[in-house]
Amino acid sequence: MSKNKILIVYHSVQGHTEKVAKLIAEILNADIKKINQNQKSSGSAIMRTPRILAQMYGLQNLDTSWIDIDEYDTILIGSPCWMYKVTPPVIDFVKANDFSNKKVGLFITHGGDYGQTSEKFKDLLSAGQYLGMLEYHSISNNMELRLKRDLKKFKNCP
Ligand SMILES: Cc1cc2nc3c(=O)[nH]c(=O)nc-3n(C[C@H](O)[C@H](O)[C@H](O)COP(=O)(O)O)c2cc1C
């Protein structure tokens, strides 16, 4: 395994998390994979539960086995916040992988109240070193500067 190789894995329906993910990948010169790469947004359904929404979007039981995390030692996972949690495809991706001996950081985009998303995500991780969570409510023009500063909060992340 090469040292400090970083993978960005993200899910995004409306594009906010995608913007952040792409900027982080650029800043860290990291590889990047989108969990739902073949899915398209099909409108807003904010009152539906995340699992029903995932079903509607065809995001249930997505095959993420093509995302090979073996060669990476840091995985940064991006997700929209849905009902104070990461989204079902991200939950499924985390459950399907073994993060032993890896560092795992989370970044989310949200609409203003992300509640205990970070704590719940940490509970979901059965192995690995959790680096913490970065959160973004709005995607501003100076996002790159902001991210460069924020990424330093991820302990041991270059
Ligand atoms: C089903 C659903 C549930 C959401 N739940 C929350 C929430 O609990 N808290 C919050 O702050 N924003 C919530 N939002 C807003 C999204 O987190 C926010 O718009 C996010 O940036 C979308 O990411 P995306 O553009 O990458 O899909 C929710 C949005 C949807 C569609």
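A residue is taken as buried here if 20 or more other C-beta atoms lie within 10 Å of its own. In this predicted model, Ile8 has 25 C-beta neighbours inside 10 Å, so Ile8 counts as buried. Its place is in strand β1, which covers residues 6–10.

What does Ile8 sit against? Leaving aside neighbours within four places in sequence, Ile8 is in contact with Ala21, Ile24 and Ala25, with Ala30 and Ile32, and with Leu76 and Gly78. Asp31 comes into the picture too: Ile8 and Asp31 are 23 residues apart in sequence, yet their C-alpha atoms are 6.1 Å apart in space.

The largest nonpolar core has 34 residues, and Val9, Ile75, Ile77 and Phe107 are the ones that touch the most other members. Two or more residues of this core come from each of β1, α1, α2, β3, α3 (88–96), β5 (103–109) and β6 (129–136). As for Ile77, its contacts beyond four places in sequence are Val9, Tyr10, Val90, Val104 and Leu106.

Turning to the ligand, 21 residues surround it, with Ser12, Gln14, Thr17, Pro80 and Gly111 the closest. At least two residues of this shell are supplied by each of α1 (16–28), α2 (50–56) and β3 (74–82).

Methods
Residues numbered from 1 in each chain as written. Predicted model: local features only at pLDDT ≥ 70, side-chain atom pairs only at ≥ 80, totals over all residues. Near = placed C-beta within 6 Å. Helix = DSSP H or I, 4+ residues; strand = E, 2+ residues; numbered from the N terminus. Buried ≥ 20, exposed ≤ 12 C-beta atoms within 10 Å, placed from the backbone. Contact = placed C-beta atoms within 7 Å. Core = buried A, V, L, I, M, F, W, Y, C linked by C-beta atoms within 7 Å.
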